[in-house]
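Good morning, and thank you for joining.

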Amino acid sequence: AAARGSDASSSADADVRPTRGRRETDKHVLYRGPWLLPFRTLVRFKIFQLAGVGAASAPLSAALNDAPLSMTTCGAVAAVVGGSAACSLLLQYYASRYVGELSLLRGARGEAPLVRLSTMDFWGSRRDTDVRLDQIAPPLRDLPKQAYEDIASQTFVPLDVSSRDSRGGGTVAKQHVLSLRHGNLMDKKRLFQLLTGEALDALER
């Protein structure tokens with residue numbers, strides 16, 4: 001999918017790098033998530049769902065009652081609209097954490113590569129966030145290799161990314177998810193080096 005609407009993280013993520021100025025040739029893809037097209041369609045559909053439910057609930061209720069809306073009807077309409085809003089917010093919560101693509105960005109000579117996490121924004125457009133390697137908590141670190149197969153067989157694997165909180169001065173963590181079981185492991189060796197905290201093999205130029 002085209003990288004539309006790419007931006008950095010929110011103002012709270014003071015040490016997240018901006019994504020502008022990077023060429024596609026600087027990117028080395030490690031992983032692509034499954035179900036991207038249906039998930040993006042679902043995220044975009046929630047906008048029309050909210051608009052449709054909000055616009056149709058009151059007139060439909062009035063027509064069915066053939067009278068001014070009672071308190072009971074108003075409560076039912078509010079429950080329908082509120083439920084739709086809650087479902088949309090929950091869907092957006094997961095869309096902002098579901099990693100559709102994980103890649104490395106080549107740095108200048110002598111510089112460590114950045115990690116690019118591609119998720120979705122409210123509109124279902126791609127949102128790229130670049131972070132340093134030390135901001136990622138490797139989920140497979142210090143685990144015996146026998147445990148890798150069990151973790152990889154799970155539907156989702158958590159990936160915690162930390163950043164500085166510009167308001168409080170501390171650090172905050174945002175948990176993303178990968179699907180090693182169903183996703184496309186484009187560069188399995190470097191991906192597992194990232195997930196285990198091992199030194200990454202240098203990227204070819």
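Let me begin with strand E3, residues 114-120, which is mostly covered, as 7 of its 7 residues are buried. Here, buried means under 20% relative accessible area, exposed over 50%, and partly exposed in between, with a 1.4 Å probe and protein chains only. Helices (H or I, at least four residues) and strands (E, at least two) are DSSP runs, numbered from the N terminus.

This is a predicted model: local features need pLDDT of at least 70, side-chain atom pairs count only at pLDDT 80 or more, and totals for chains, interfaces and linings use all residues. Residues are numbered from 1 along each chain as its sequence is written, and side-chain values use heavy atoms, with hydrogens and water left out.

In a regular strand the side chains alternate between the two faces of the sheet. Both faces of E3 are covered: Leu114, Arg116, Ser118 and Met120 are buried on one side, and Val115, Leu117 and Thr119 on the other.

What pairs with E3? Strand E2, residues 101-105, does so in the antiparallel sense over 5 bridges; two strands pair if DSSP finds at least two bridges between them. Strand E4, residues 126-131, also runs antiparallel to E3, joined by 6 bridges. Leu117 stands opposite Leu102 in E2, and its bridge partner in E4 is Thr129.

The hairpin of E3 and E4 has 5 residues between the strands, and there Gly124 takes a positive phi near 85°.

Finally, Asp142 has a positive phi of about 65° although it is not a glycine. Asp142 lies in the loop between strand E5 (136-137) and helix H3 (146-152), and is exposed at 76% relative accessibility.
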